[in-house]
Amino acid sequence: MPNLKEKIQTISSELKQQLAHLSQEKELEALRLSFIGKKGAITELLGELKNLTIEEKKEFGPLIQALRQEAEDGIAARKKFITEQQSQAADNQARHFDVTSYVPNAPTGHLHPYTLFIEEIQRIFLSMGYEIWDGPEFETEFNNFTALNIPKDHPARDMYDTFWTDQEGYLLRTHTSPVQARILQQRTPPLAGIAPGRTYRHEAVDASHDFMFMQCEGLLVDKNVTVAHLFATAQTFLRALFQKNTLDIRIRPGFFPFVEPGFEIDMRCIFCKSGCSVCKQSTWIEIFPGGLVHPNVFKACNIDATQYSGLAFGFGLTRLAMLRYGIDDIRLFHSGKLKFLEQF
Ligand code: PHE
């Protein structure tokens, strides 16, 4: 029966060809049914055996059995191959989440030294019961000068090289003291707060002068406020800031039209014991101007000066930051130089 022999060969090569192209388990099952299922090609072939002579049975029986075996083995092998491929694919995908893989350093931003320093100052004053206030940099002549007992044509205006503006009666504030005037006009004592912020003066720029710098104003108004409160506040603040329990201060008279009496408060040099370039060989650093609020300021802001007294101070925040961080050139603050900024 050459016919049967050919059939076996055709089925065998078809089986091989189809198996090689399968990639889905579902397709594999369909293939299984079409070859060795109940009505499969090989099963039918086996069914035909009974119609053959004994001689033929002997010849073709083993061949068809072998073909059936070939189909079973081929399907099993292909199934294994497909599952392996699938788990390999899943594996490849999981590699995207490899926690040990290299991640290049991404640069992150950080806070400007001014921001860090202001936060430090605020923490200290908040711990002493002060509030945090704010005021505009574009200020009225009234708040910056007149309310602070510096009327028009008063020689004290010469202390401040002012940036005037096109708008009559407006200027860039020359100090943070106008925040005092604003608060006193808005609130009734008792009150206590600080106001850190930018100030502007028409100055030639060098390593220790800038036309824009920062100050921090302080104001405390209540009944029976004395200079003792001012000195204690200055000392407590400076000791906390420089973390030195024994840091001494000294008091000298100072003139500011909006305080009476007025003082310059110095602190012991934090860099030396017997004189250095920072303290100009004096061992003292001038740091903290202040005084008691002048009655004329109270009057201008409608506060009863017979009932209340207050202390006020306004230190150079920029200068203090330079001392605190050891910065020797004021221009670095606004230089945008990363080499400088990244140190904080
Ligand atoms: N505003 C003053 C200045 O800029 C400093 C100061 C503030 C002095 C408050 C006394 C009281 O020079």
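Two strands are said to pair if DSSP finds at least two bridges between them. Helices (H or I, at least four residues) and strands (E, at least two) are DSSP runs, numbered from the N terminus. Threonine 199, for example, stands opposite phenylalanine 213 in β5. The structure is a predicted model, in which local features need pLDDT of at least 70 and side-chain atom pairs count only at pLDDT 80 or more, while totals for chains, interfaces and linings use all residues. Residues are numbered from 1 along each chain as its sequence is written, and side-chain values use heavy atoms, with hydrogens and water left out.

**The sheet**

- Strands of a sheet pair through backbone hydrogen bonds, either parallel or antiparallel.
- Strand β4 (residues 191-200) and strand β5 (residues 212-222) are antiparallel and share 10 bridges.
- Strand β6 (residues 249-253) is joined to β7 by 5 bridges, and the two run antiparallel; they form a hairpin with 5 residues between them.
- Within this pair, proline 253 stands opposite phenylalanine 263 in β7.
- β7 is also joined to strand β8 (residues 284-293) by 8 bridges, again in the antiparallel sense, and glycine 262 has glycine 291 in β8 as its bridge partner.
- Strand β7 (residues 259-268) is largely enclosed by the rest of the structure, because 7 of its 10 residues are buried (under 20% relative accessible area, with exposed over 50% and partly exposed in between; 1.4 Å probe, protein chains only).

**Helix pairs**

- Helix α2 (residues 25-36) and α4 pack at about 175°, with their axes 10 Å apart.
- α2 and α4 are therefore roughly antiparallel to each other (angles over 145 degrees; under 35 is roughly parallel, 65 to 115 roughly perpendicular and the rest oblique).
- Their contact involves Glu25, Leu28, Leu31, Arg32 and Ile36 of α2, and residues of α4 including Arg68, Ala71 and Ile75.
- By class, the contact of α2 with α4 has 6 nonpolar, 2 polar and 6 charged residues (Ala, Val, Leu, Ile, Met, Phe, Trp, Tyr, Cys and Pro count as nonpolar, Asp, Glu, Lys and Arg as charged, and the others, Gly among them, as polar).
- The axes of helix α3 (residues 41-48) and helix α4 (residues 54-94) come within 10 Å and cross at roughly 160°, which means that α3 is roughly antiparallel to α4.
- The α3 side of this contact consists of Ile42, Leu45 and Leu46, and the α4 side of Ile64, Gln65, Leu67, Arg68 and Ala71.

**A buried loop residue**

- Threonine 174 is located in the loop between β3 (170-172) and α7 (178-186).
- Threonine 174 counts as buried because its relative accessibility is 0%.
- Not counting residues up to four places away in sequence, threonine 174 touches Asn144, Phe145, Tyr160, Thr162, Thr199, Tyr200 and Arg201.

Definitions and conventions. Axes are lines fitted to C-alpha atoms, for helices over the stretch in contact, and angles run from 0 to 180 degrees between N-to-C directions. Contact means heavy atoms within 4.5 Å.
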